[in-house]
Amino acid sequence: MQRLDGGAMFGVVPKPLWQRRIEPDARNRIPLALRCLLIETRDALVLVDNGVGNKEPDKFRDIYGIENSPLGGEACATRLEESLAGAGFTPADVDVMIDTHLHFDHAGGNTVIEGDALRLTFPRARYVVQRGEWEYAHRRNERIQASYLAHNFDPVEAAGAFRFVTGEQEIVPGVSVRPTPGHTPHHQSVLVRSGGETACFLADLVPTTAHLPLPWIMGYDVEPLVTLESKRHLLGEAQREGWLLIFEHDPITAWGRLDPSGDKPVLLPADAT
């Protein structure tokens, strides 16, 4: 869980509108999940995104309202590792680690610190990211530098563990990445296809269900008009084909399908999905 400024999360949408969807705290922050997706395929164990990790100082954790300590104590470094254990896996079981992009709340768990040592969290995995995202993360201009923390991804490259891709590509059978630019120029979402069904891990294209309306776009997005068109295209396809949509940051709703009869992207009631 983390908490980010509500105004930043909703950009130009007025507060009287967005606070009806997600109530802010006294510091104007809204609660946000750090939801990751574990995919078991015949060929590989795939993890999509990995939260914030455990490397940031207390001041950072307070500013961003981060709650990531394992609930069961110190047996695991983070809540993600604890959740993997609950599913019967360890980080060493992960074959493919897909980073939708390299912001600290999505790729912070690429690496973990133990004592004074920094190591890769998933020692056997190939880390998949768009090559353009990797290059963009190193531009270090003032607008984006706070979101890209080098210790989350430079050690992965130094270890030769990155698999850089360009454009839409199948990573393992049934799991593919699709560029959905706008939040960052090389942001990608993840499609999972099995048994005639499609699920889409939206990541920061549509971080919460409150961001389903096309113009409800985060102030964090560096190319908001590109986000608008990415949303229009992807959500239109999802609505026509009945995809299951997975929301990374929604504090309550993990997934849902769009009403196929509407002219706007609206989730079906939970008991209808």
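1. Basis. The model is predicted: local features need pLDDT of at least 70, side-chain atom pairs count only at pLDDT 80 or more, and totals for chains, interfaces and linings use all residues. Residues are numbered from 1 along each chain as its sequence is written, and side-chain values use heavy atoms, with hydrogens and water left out.

2. Overall fold. The protein has eight helices and 15 strands; these are DSSP runs numbered from the N terminus, with helices being H or I of at least four residues and strands being E of at least two. The radius of gyration is 18 Å, close to the 19 Å that the globule rule gives for 273 residues, so the protein is as compact as a globular protein of that length. That radius is taken over C-alpha atoms, and the globule rule is 2.2 Å times the number of residues to the power 0.38. Along the principal axes, the C-alpha atoms fill a box of roughly 50 × 45 × 40 Å.

3. Buried residues make up 51% of the 273 residues (buried is under 20% relative accessible area, exposed over 50%, partly exposed in between, with a 1.4 Å probe and protein chains only). Among contacts with a separation of 6 or more, 62% join residues 24 or more positions apart; a contact means heavy atoms within 4.5 Å.

4. Nonpolar cores. The largest nonpolar core has 23 residues, of which Leu 102, Phe 122, Tyr 127, Tyr 148, Phe 153 and Phe 162 touch the most other members. Such a core is a set of buried Ala, Val, Leu, Ile, Met, Phe, Trp, Tyr and Cys residues joined through side-chain atoms within 4.5 Å. At least two residues each come from β4 (45–48), α4 (79–86), β8 (126–130) and α6 (131–137), and α6 gives the most, with three. Apart from this core lies another, of 19 residues, including Ala 44, Val 48, Ile 98 and Ile 246.

5. Aromatic rings. Rings of Phe, Tyr and Trp (its six-membered ring) pair if their centres lie within 6.5 Å; planes under 30 degrees apart count as stacked, over 60 as edge-to-face and the rest as tilted. The count by this rule is 13 aromatic pairs. In one of them, the rings of Phe 60 and Tyr 64 have centres 4.8 Å apart and planes at 50°, so the pair is tilted. Phe 60 is buried, at 14% relative accessible area. Ring pairs also link Phe 122, Tyr 127, Trp 134, Tyr 136, Tyr 148, Phe 153, Phe 162 and Phe 164 into a cluster.

6. Trp 216. Where is Trp 216 placed? This residue sits in the loop between β13 (197–201) and α8 (224–241), and it is buried at 13% relative accessibility. Arg 21 lies over the face of Trp 216, at 4.6 Å from the ring centre (the rule asks for NZ of Lys or CZ of Arg within 6 Å of the ring centre and within 35 degrees of the ring normal). Leaving aside neighbours within four places in sequence, the contacts of Trp 216 include Phe 10, Trp 18, Arg 21 and Lys 231.

7. Two other loop residues. Thr 78, in the loop between α3 (58–63) and α4, is buried at 7% relative accessibility. Arg 140, in the loop between α6 and α7 (154–158), is partly exposed at 32%. Beyond four places in sequence, Arg 140 is in contact with Gln 145, Tyr 148, Ala 150 and Phe 153.
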